[in-house]
Amino acid sequence: MRPSTTAQPAGSGGADKLRSLPLKKVQAILRSGPDGIGQAEADTRLNHYGPNEIEEKTTNQFLKLLGYLWGPIPWMIEAAVILSAVLGHWPDFAIILVLLLANAAVGFTEERQAGNAVAALKAQLAITATVRRDGTWASHPSRDLVPGDVIRLRLGDVVPADARLLPGGPAEVDQSALTGESLPATLNPGDAAYSGSIVRRGEVDALVYATGSATFFGATAHLVQENASTSHFQRAVLRIGNFLIVLAAALVSIIVVVATIRGDPFLTTVEFALVLLVAAIPVAMPTVLSVTMAVGARLLAKKQAIVTRLSAIEELAGVDILCTDKTGTLTMNELTLGDPFTVEGVTAADVVLSAALASRAEDQDTIDLAVLGAVSDDQRLADYRISDFHPFDPVGKRTEAAVMAPTGATYSVTKGAPQIVLELCANGESVTTEVDAAVRQFAERGFRALGVARTDAAGKWHFQGVLPLFDPPRDDAKHMISTAVDMGVAVKMVTGDQLAIAQETAEKLGMGRNILDAGGLGDSTHQETSEATASIEAADGFAQVFPEHKFHIVDILQTSGHIVGMTGDGVNDAPALKKADCGIAVSGATDAARAAADIVLTTPGLSVIIDAITESRRIFERMTSYAIYRIAETLRVLLFMTAAILIFNFYPLTPIMIVILALLNDAAILSIAYDRVHFEKTPQVWDMRRVLGIATVLGVVGPIAAFGLFYLGQNVFGLGRPELQTMMYLLLSVAGHLTIFLTRTRGPFWSEKPARVLVIAVVGTQALATSLALFGIFMTALSWQWVLFVWGYALVWALINDRIKLVAYSVIDRTHQRRGRSGPNRPSLSTAPPTDS
């Protein structure tokens, strides 16, 4: 039932009306005013209008499960099921059907858990809004906003709902994502600010008139389809999948042709071919990818880094240049006030008081808090009344407040960039030389200078002094930068501070003093010369940086062949964060920066980023191990099966054996997402030659071992064909799982202890495989003596394969070194001993 206190229609038509009516009429319709509404009324309206969010299209879970039974790979398995029924092979029919459903259930469950994990992490990034309810300003989740709420919009905020600006100063709002306008729009009182737009300048209160699907954005959201980006590594793995499918199809086609020529039953041959094709295709690849990425995201979340785009973890593994903010990342972001410089006739206490009056504690700005903390008597500020306040914006570079003193006198105060403040002042020219000298001295000591001025009785500005502010380096910053360099990542400081301050900070952090003044750089439309590009690559950092410079720096470095990580916190950092291969929003970042970033940090400092790079490289190693294993196993099975059929006219495995082999392989390999691995000390570049080379060597040696056992079983021990099939099945299963331990290390297989979950998974699947062979389930039984013999044979060949693997790595690495594989701008994969996990 519709509440009597609300009047806004729920549909978009009502929102259109409230967007165009006079503001006072809108307030009357919404039964609200400058003080907003009460919490009880807000709860009532929330029940009526629903949460302030766009309802996401969700897929029915049952239909999603059925989706795992639809597609080229399931079709082939289902065709094998049907053929088994047609031929009357009911045991084959039953087991293949059960395994088909089991594979779908496992894939559905793992994908669902991965999706739930990522959704839970993203929920931690829920946007909040400053709302006035019951006469008090408080922070509330944006999803709880209702029509009639009064919200405060500040620089860097993402507008949480459609709102009409209340009386106050104008604001500049970036609506490009909604309207396509490239320049920010200047909104005056009464104008509408759309949900999803970004406040670029100013601070203003606004009246919410539409939420959720009734907003301008919500009404058109159904027209927008978000395309998930595919990372470099995902594309490489998908290419591997396509390669395996083509290889399997080619070899299976040869088997079908030869079997047909020999006069084998056609339907039986086709059934076998389909099952073999299913076993060769990497069915578990999407699940392994999703699970590995989700596990990595959860691990990073424990270290206070929330991943908003899973593929960013893979991109981060290849980052070789990290452009990082200074404030809050390299420094404490806890400004300390030094002894101020004052002009003649002004005391230090006067300068601090004026600066404090031009500050506002509720904005939680670090400079404002440092200045307010320096006031000797807090009660003294309470005697002054602020009638108007203009917050800091990156264009004006100062704050300003209109003040009424306890005596009744009125005047204005301002604080900001010294040169900007000097230009306002009537005494600016007479004190410029002294001020410049003071600013230089402060800069040489690594202090940030803050100019302070106030007006006289005639309203003329007079410069009072300069406040020195120092943001000390974080205790761990120097060590973390050294660690990043050791990991092959060049750290470049990007700051809006003056050149001298940037050089002083960089030197203290051991980064070097080669800091470029960004004022000499162009923007994204400017083509840099080769000399300028080289200087950007060689620089230790950049000073006096504006937003367009950040985007340009990232663009130049990417064009030069680097994979670039970028940190930022402000609304103006959003374009550079989006442009970077891996954008990282630091602790305390604005909503706009967090929305543009791939990874959001919830704790300050560089150590979290180092942890994220380390974890991403571990994930890269896990995925590389999986790729090598999957290619090697496919080659092992396909080459052995094809050669046995073509040369000996012998089918070494039955269709049931092939399906069981594939299922157990997939079940074990999922645990690689939790494996302990080494990570390289240099950025990881996908090296297809190395992966294909090692996989091919292992994939070719495998059939040699298999034919050796086949020869012993048939010609030496005189086993019959059914026993031989069971023996070959057990060998391929045991040897295949032992290969997992070979591919997970570049050194000897014992050089890195595997994770317990991987060992348990392999032991469990092999216990099952051995039991099937020993007790003759779905196959002819083998005696325990033959089972032990096969296990011993597989273990001996695993040791031999491990030696062969080491030789192959040595040959490939020497070949790469001779060819000079790495380019001039990218580090090559290190051949040095890897770092312990």
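Q: In this predicted model, which side chains meet in a salt bridge at 3.0 Å, N to O?

A: The side chains of Lys805 and Asp802 do so, with 3.0 Å from N to O.

Q: Where do Lys805 and Asp802 lie, and how many residues apart are they?

A: The general idea comes from helix geometry. An α-helix has 3.6 residues a turn, so residues three or four places apart point the same way. In this structure, helix α29 (residues 784-819) holds both Lys805 and Asp802, and the two are three residues apart, about one turn of the helix.

Q: Is Lys805 buried or exposed, and is Asp802 buried or exposed?

A: A residue counts as buried when its relative accessible area is under 20%. Lys805 has a relative accessible area of 1% and is therefore buried. Asp802, with a relative accessible area of 1%, is buried as well.

Q: How many salt bridges does the count come to?

A: The count comes to 19 salt bridges. Among them, the side chains of Arg622 and Glu615 meet at 3.5 Å, N to O; Arg622 and Glu615 are both buried. Another joins the side chains of Glu400 and Arg398, at 2.9 Å from N to O.

Q: Which residues are linked with Arg152 in a network of salt bridges?

A: The network links Arg152 with Glu203, Asp205 and Arg360.

Q: How do strands β3 and β9 pair, in the parallel or the antiparallel sense?

A: In general, strands of a sheet pair through backbone hydrogen bonds, either parallel or antiparallel. Here β3 (residues 150-153) and β9 (residues 204-210) pair in the antiparallel sense, over four bridges.

Q: In what order do the six strands of the open sheet run, and which are the edge strands?

A: The order is β2-β1-β3-β9-β4-β7, with antiparallel pairing. The edge strands, each pairing on one side only, are β2 (136-141) and β7 (192-193).

Q: Which helix lies across β4 and β9?

A: Helix α2 (residues 23-30) lies across β4 (162-165) and β9, and runs at about 55° to β9.

Q: How many of the 23 residues of α27 are buried?

A: In α27, 20 of the 23 residues are buried, so the helix is largely enclosed by the rest of the structure.

Terms used:
Residues numbered from 1 in each chain as written. Predicted model: local features only at pLDDT ≥ 70, side-chain atom pairs only at ≥ 80, totals over all residues. Heavy atoms only, no water. Pairing = 2+ DSSP bridges. Contact = heavy atoms within 4.5 Å. Axes fitted to C-alpha atoms, helices over the stretch in contact; angles between N-to-C directions. Buried < 20%, exposed > 50% of the residue type's maximum accessible area, 1.4 Å probe, protein only. Salt bridge = Lys/Arg side-chain N within 4 Å of Asp/Glu carboxyl O.
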